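Please keep the structure open while reading.

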Amino acid sequence: MKVSIVKEIEIGERRVAVVPEIVGRMVKQGMEVWVEAGAGEQSFFSDAAYEAAGAKIVTDTEQLWHADLVLKVNPPQEREDGRHEADLLKEGATLIGFLNPLGSPALIQQLAERKITAFGLELIPRTSRAQSMDALSSQAGVAGYKAVLLAAAALPKFFPMLTTAAGTIAPAKVLVIGAGVAGLQAIATARRLGAVVEAFDIRPAVKEEVQSLGAKFVEVKLEEETVAAGGYAKEVSEAVKQRTQAAIAEHVKMSDVVITTAQVPGRQAPRLVTADMIANMKPGSVIVDLAADQGGNCEGSEAGKTVVKGGVTLIGEANLPSTVPFHASQMYAKNILTLVQFLVKDGVLTLNFDDDIVSSACVTHGGEVKNQRVKDLLGETVGAKG
Ligand code: NAD
């Protein structure tokens with residue numbers, strides 16, 4: 001089986017899908033691995049390291065995209081030369097990466113038409129069996145960590161309590177909203193830096209995890225089911241939204257740093273921090289909105305930008321995992337390897353659609369869109385046009 005690792009062309013992307021160590025494991029399993037020249041440069045993995053691991057460095061675009069299996073981080077997109085990456089794949093090839101299937105159903109349709117077998121890593125089930133393939137989690141952890149570092153760098157205060165000859169410094173107060181994978185890593189990182197941390201999540205089940213990391217859980221009486229299938233949060237009613245906003249307002253006001261990570265899969269991120277709450281914060285406070293590119297948890301945050309409102313810094317930087325490219329790529333590569341080992345038996349892609357990993361994550365196969373939610377979205381588009 002010929003496997004290609006192509007260079008990411010997404011603006012600002014510094015990660016690579018597979019690192020040399022994982023290439024070595026693929027080569028040992030009998031795969032022929034081609035790596036686009038410079039693919040790992042931005043994440044500090046040299047062509048020489050890939051070659052030493054047994055890969056062939058390739059500069060010919062046609063050859064690269066004609067592999068049996070193409071491994072990527074971001075969805076295929078149009079290149080500078082006007083050709084679309086999805087059109088460069090050979091018919092019947094397999095593609096694995098983040099494909100944003102619910103955000104770009106038209107791309108998924110395009111892949112189906114090209115008879116590509118495509119796996120969207122964001123659709124890997126959140127089960128213990130699939131945990132080591134779960135790139136959404138590995139990358140969310142990186143984002144949670146980096147969010148706290150950005151906040152600490154922007155805050156005009158220390159994070160830890162300090163007792164010095166020049167006086168005693170009180171620790172920073174950090175509020176984390178959304179205690180999923182990113183939020184829990186943000187809590188742990190803020191605690192390691194010595195902050196006093198509180199956290200809120202709409203799923204009451206996370207209370208113990210929050211407490212085990214040394215943070216206080218902000219309790220809100222919700223009186224409504226807030227957990228959907230797969231352990232994800234549900235989109236909640238207007239009444240619950242108002243109750244949570246009222247409850248967290250006081251905590252936002254008292255915090256030096258607020259990190260928001262709340263998302264609902266396939267939907268716009270819930271609006272949790274309002275302009276009024278921001279106006280009540282102390283000048284110099286910092287908010288990092290990890291959901292900025294999904295519409296934002298925080299009123300006024302802008303995706304990809306840092307803005308200042310009434311003395312409060314709102315950081316909406318997108319794609320934080322890409323800012324820790326070495327380890328983000330290393331973790332992503334391990335997720336990819338586990339999935340590839342699961343799918344490829346004796347050098348042949350072997351798909352069992354009765355298995356929930358295959359049925360969830362395979363978005364296109366045999367000329368068809370396989371994922372029901374993408375099919376529904378495509379149906380809606382056709383319906384709207386007709
Ligand atoms: P996510 O990125 O979709 O959301 C982040 C957090 O925001 C979640 O904890 C969610 O409950 C919270 N949230 C959503 N709406 C909110 C609101 N209105 N107010 C406050 N908080 C809100 O979620 P995620 O971090 O990818 O994971 C969610 C959950 O999935 C995990 O905590 C876990 O239960 C499960 N999970 C399981 C596995 C596994 O078993 N292998 C792996 C990863 C995640």
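Which backbone N or O atom lies 3.4 Å from a nitrogen atom of the ligand? The atom belongs to I202, and the pair falls under the term polar contact (N or O atoms within 3.5 Å; within protein, one must be able to donate a hydrogen and the other to accept it, and residues adjacent in sequence count only if both atoms are side-chain atoms). The protein buries 85% of the 830 Å² that the ligand exposes when taken alone; accessible areas come from the Shrake-Rupley method with a 1.4 Å probe, and for residues only the protein chains shown count as cover.

The model is predicted: local features need pLDDT of at least 70 and side-chain atom pairs pLDDT 80 or more, while totals for chains, interfaces and linings use all residues. Residues are numbered from 1 along each chain as its sequence is written, and side-chain values use heavy atoms, with hydrogens and water left out.

In the side chain of R126, an N or O atom is 3.0 Å from a ligand oxygen. At Q263 a backbone N or O atom lies 3.5 Å from an oxygen of the ligand.

Around the ligand there are 21 residues, of which R126, S137, V181, D201 and R203 come nearest; a residue is near if one of its heavy atoms lies within 4 Å. By class, this shell has nine nonpolar, eight polar and four charged residues. Here Ala, Val, Leu, Ile, Met, Phe, Trp, Tyr, Cys and Pro count as nonpolar, Asp, Glu, Lys and Arg as charged, and the others, Gly among them, as polar.

The protein is divided into domain 1 (2-133 + 324-385) and domain 2 (140-318), with bounds from an automatic or database domain assignment. Both domains give residues to the shell, so the ligand lies between them. Their centres, taken over C-alpha atoms, are separated by 32 Å. Six residues from domain 1 and seven residues from domain 2 make up the contact (heavy atoms within 4.5 Å).
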